[in-house]
Amino acid sequence: MIRVEGLQKSFAGAKGEVRALRGVSFEIDKGQLFTLLGPSGCGKTTTLRCIAGLEQPLAGEISIHDRLVFSSARGIFIAPEQRRIGMVFQSYAIWPHMTVAQNVAYPLPHALSRSETSARVDKILTRLGLGELADRLAPNLSGGQQQRVALARALVAEPQVLLLDEPLSNLDAKLREQMRFELKTLHESLNITTVYVTHDQEEALALSDRIGLMHEGALLEVGAPLELYTRPAHRITADFLGSANFIPATVERGGDQPWGETLVTSALGKFMAQRSPQWQPGMAAELFFRPESIELVDSGSINGAANCGSALVERVTFLGNSADVILRSGEVRIRLRAHPARIPSVGTKVSFSVPPQSCIVFPA
């Protein structure tokens, strides 16, 4: 449905040219929700604006539904209004002097009759739970209602592609979580190809069919949410997607198959982990595992076994449905996510284990 190939873009900066995109390439299947995820300044919004036609890249190609909308080599640039896209901006960009119905009707062609325009507007407002607010002025709406109005305006013209630029970032935490589920339900019912931009990892994991992690203008890694979270190919991905523990280690025995087991030695003990077969004994490495992968066990059950260790509880932060626990062993600190019923006391010594399939080795 969408193909982006070799996208490059630069902006003028105070100290010269700033490269915003460095050869970004990806494809999105029809009906898929694809998220561009990354920190501020990584190029995700620039990529979205290039797809929309609001920015013109220096090089590359963009196709939407097998139609070439931009090609630097062929000199093609299709205007935004001719790309059959709907877009929701981070600020919503709602006209303050218009009613909800007038805002939603704005993108519809003037050639449509008044009755057809009204029917389309009523249909999308009803679908998004805004039917009773049609005559209300936009500034008199809550944040969640304004977000729905912006979404209705983007969908009313029945676009082929929906582009969402951090649409939930202006909402409070509880409303953001509610709207996240509403967006997921709406996408599943409409089956519209969607490109979603966010810096929020939880948002990306909850909404996406596939995630593209961007870093310094490049697309670092693309995959399903579960795949990127549990088996990241890059340390940057592992670090950005949720909380992570990175422990200095030394390779004792390398694996002989892709994602084969690798034995490493660390200050916490010996760990069986996973990674590709380039490792040689004695190489410096970093052992990675998630806080929720750590399980507290009885001290008598470890007996020097691999993937087990002991540490002192240094700090406990209660989070409601879980507790964030910092464990210290010598100079090494690790983070544990504990169940409220099993929160250890500060100052006590605990034993823990980490399953080999939850451990990954990265280059030091």
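This note sets out numbered points on the predicted model shown above.

1. Basis of the note. Residues are numbered from 1 along each chain as its sequence is written, and side-chain values use heavy atoms, with hydrogens and water left out. Because this is a predicted model, local features need pLDDT of at least 70 and side-chain atom pairs count only at pLDDT 80 or more, while totals for chains, interfaces and linings use all residues.

2. The sheet. Six strands form an open sheet in the order β7-β8-β9-β3-β10-β11, with mixed pairing. Strands are DSSP runs of E of at least two residues and helices are runs of H or I of at least four, numbered from the N terminus; two strands pair if DSSP finds at least two bridges between them. The edges are β7 (85-88) and β11 (218-223); each has a single partner strand, so one side of each is left without a neighbour in the sheet. On average, neighbouring strands of this sheet are turned by 20 degrees against each other, direction ignored. Axes here are lines fitted to C-alpha atoms, for helices over the stretch in contact, and angles run from 0 to 180 degrees between N-to-C directions.

3. The pairing of β3 and β9. Strand β3 (residues 33-37) pairs with β9 in the parallel sense over five bridges. Within this pairing, F34 has V195 in β9 as its bridge partner.

4. Helix α1. This helix (residues 44-52) packs on the sheet and touches β3, β7, β8, β9 and β10 (210-215), contact meaning heavy atoms within 4.5 Å. The direction of α1 makes about 150 degrees with that of β8. Seven of the nine residues of α1 are buried, where buried means under 20% relative accessible area, exposed over 50% and partly exposed in between (1.4 Å probe, protein chains only). The buried residues are K44, T46, T47, L48, C50, I51 and A52. Just after α1, G53 takes a positive phi of about 90 degrees.

5. The packing of α4 and α5. The axes of α4 and α5 are 11 Å apart and meet at an angle of about 20 degrees. That makes α4 roughly parallel to α5, since angles under 35 degrees count as roughly parallel, over 145 as roughly antiparallel, 65 to 115 as roughly perpendicular and the rest as oblique. From α4, the residues in contact are G143, G144, Q147, R148, L151 and L155; from α5, they are L175, Q178, M179, E182, L183, L186 and L190. By class, the contact holds seven nonpolar, four polar and two charged residues. Ala, Val, Leu, Ile, Met, Phe, Trp, Tyr, Cys and Pro count as nonpolar, Asp, Glu, Lys and Arg as charged, and the others, Gly among them, as polar.

6. Two positive phi values. Most residues other than glycine have a negative phi. E158, however, has a phi near 55 degrees and is found in the loop between α4 (143-155) and β8 (161-165). N191 has a positive phi of about 55 degrees and lies in the loop between α5 (173-190) and β9 (193-198). E158 is partly exposed at 48% relative accessibility; N191 is also partly exposed, with a relative accessible area of 48%.

7. L268. This residue is found in the loop between β13 (260-266) and β14 (269-275), yet L268 counts as buried at 8% relative accessibility. Leaving aside neighbours within four places in sequence, L268 is in contact with I247, C308, G309, S329, V332, I334 and F352. The C-alpha atoms of L268 and D298, 30 residues apart along the chain, are separated by 16 Å.
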